[in-house]
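Please look over the sequence and the model shown here before reading on. The paragraphs that follow go through a few helices and a few residues in turn.

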Amino acid sequence: MLNKNEESKAFYKSLFNVVGPIAIQNLISAAVSSADVVMLGFVGQTSIAAVSLASNVMFILIMIATGISSGLVMLAAQYWGKKDYESIRTLHGIALRICSIFGLIFTCAAFFAPQLLMKLFTADEPLIATGSSYLKAISLSYIFFAVSQIFQAGFKSIERVKIVTVITVTALSLNIALNAVFIFGIFGAPKLGAAGVGLATTISRFIELIFCVIYAYMQKDVKLRFSNLLRFKKILTADFFRYSLPALGNELVWGAGFATYSVILGHMGEDIVAANSVVNVLRNLCTVLCFGMAYGGAVVLGKSMGAGDMELAERNAKRLIKSTSVAGVAGAVLLLCLKPALPLIADLSETAAHYRDILLYINCFSVAAAAFNTVLICGIFRAGGDAKFGFIMDCVFMWGISVPLGLLAAFVLKLPPLWIYFILYLDEFEKMPVIVIRYFQKKWLRNITR
């Protein structure tokens, strides 16, 4: 039996092995978004704002895929602890069927009705026109993304995280290069502006999917293959829906809430939308570690719970909270230190630049709170199958408080955009006390395998 120091070292080693690659993957993903904004800055503020609003469609799909992936990781990580490969393959097939359907729906919507989607976020005609061209170009990437995410979730649940990082880094690096080609017309390619960003994403997502499938067919043990689509087991299907639906609902409610924030800000004018896009570039870069620790920690804890070692899982949960909270505060400090880099990202109007500087300070506080909440809801609680609590939290605090207050402030009281933004981002602090109480109740500490 390990002493406390040895046990702590073993945990952090396991956490690093899972989180390190996830953090690198998130960093490259954030870098791609940053490159999009920087390159589009040469095209104009309208392109930045339009792509920012149109990206909410992908954002919602990401939330759906994350919810389904969370259900897969929740169960598969625990079955990995039991070395039950057959159940993992069945769960992979279930998740693949569901996520592929959503990907196909989003692809059809973006390709056949891009203007209708843009009108959900803004009434500004130039933004609608530019955003529609982007959505049509990126539409096929949605189905590619949906399928590849389930393969990657399967790899993560069996601790094959490094290959996920290699695949993602390769695909997203290609995305950055193709962005430059299609935005600026390099190598004789047409200058497509915002549509070029969409086309680059579609090509890179296709390459990402190809790499995922190749690696999946190289495996010799768990065998995460397309043939798993045909696998069916009633009791595992029931378990998957039992644990994944709350996670899916949580991600959808949270994602739809943030999309609604964008709708509200979209009606406040181009300046606040562009400012928010620029600040999000740095926010995403500064939060890759803390959010990687939250989601990666779920795999490490889930494996312990699946193996039946609840005392170890509880001790490691405490370590995960401490390390992620420190990473969240560090991310907030780093975000503040990077303020001088904001003017270099994009050339904004005077009003938008003023908004941008204030939004940075608001996000510094939000990042630290979000890291703490995320490690509990998406890391610790989901590791033990307690995804329903996060769903309830966002229903109550985001949709019951923040969204109504934002709508009231924007369209009834007609407050200035900065005040509206501040009100919308208070939800992380509102739900924190309830989340802490839930943690000490220990309802999340359980083995959910059959």
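## Helix pairs and buried residues

In this predicted model, helix H9, which covers residues 270–286, packs against helix H11, which covers residues 310–337, at an angle of about 145°, and the axes of the two helices are 9 Å apart. The crossing of H9 and H11 is right-handed. On the side of H9, the residues that take part are Leu282, Arg283 and Cys286, and these meet Gly331, Leu334 and Leu335 in H11. Sorted by class, the residues of this contact between H9 and H11 are four nonpolar, one polar and one charged.

Helix H2, made up of residues 45–82, and helix H5, made up of residues 125–157, pack at an angle of about 15°, with a separation of 8 Å between their axes. Because angles under 35 degrees count as roughly parallel, H2 is described as roughly parallel to H5. The crossing in which H2 passes H5 is right-handed, and the contact of H2 with H5 is formed by 24 nonpolar and nine polar residues, with no charged residues among them.

Thr201 has its place in helix H7, which runs over residues 194–218. Is Thr201 buried or exposed? Its relative accessibility is 8%, and since buried means under 20% relative accessible area, Thr201 counts as buried. When neighbours within four places in sequence are left aside, the residues in contact with Thr201 are Ile138, Ser141 and Asn175.

Tyr243 belongs to helix H8, which spans residues 234–266, and with a relative accessibility of 5% Tyr243 counts as buried. Which residues does Tyr243 touch, not counting those up to four places away in sequence? They are Met74, Leu75, Gly385, Ala387, Arg446 and Ile448. By way of a distance across the model, the C-alpha atoms of Tyr243 and Ala346 are separated by 42 Å, and these two residues are 103 residues apart along the chain.

Definitions and conventions: Residues numbered from 1 in each chain as written. Predicted model: local features only at pLDDT ≥ 70, side-chain atom pairs only at ≥ 80, totals over all residues. Heavy atoms only, no water. Axes fitted to C-alpha atoms, helices over the stretch in contact; angles between N-to-C directions. Helix = DSSP H or I, 4+ residues; strand = E, 2+ residues; numbered from the N terminus. Parallel < 35°, antiparallel > 145°, perpendicular 65-115°, else oblique. Left-handed = near helix turned anticlockwise from the far one by under 90°. Nonpolar A, V, L, I, M, F, W, Y, C, P; charged D, E, K, R; others polar. Buried < 20%, exposed > 50% of the residue type's maximum accessible area, 1.4 Å probe, protein only. Contact = heavy atoms within 4.5 Å.
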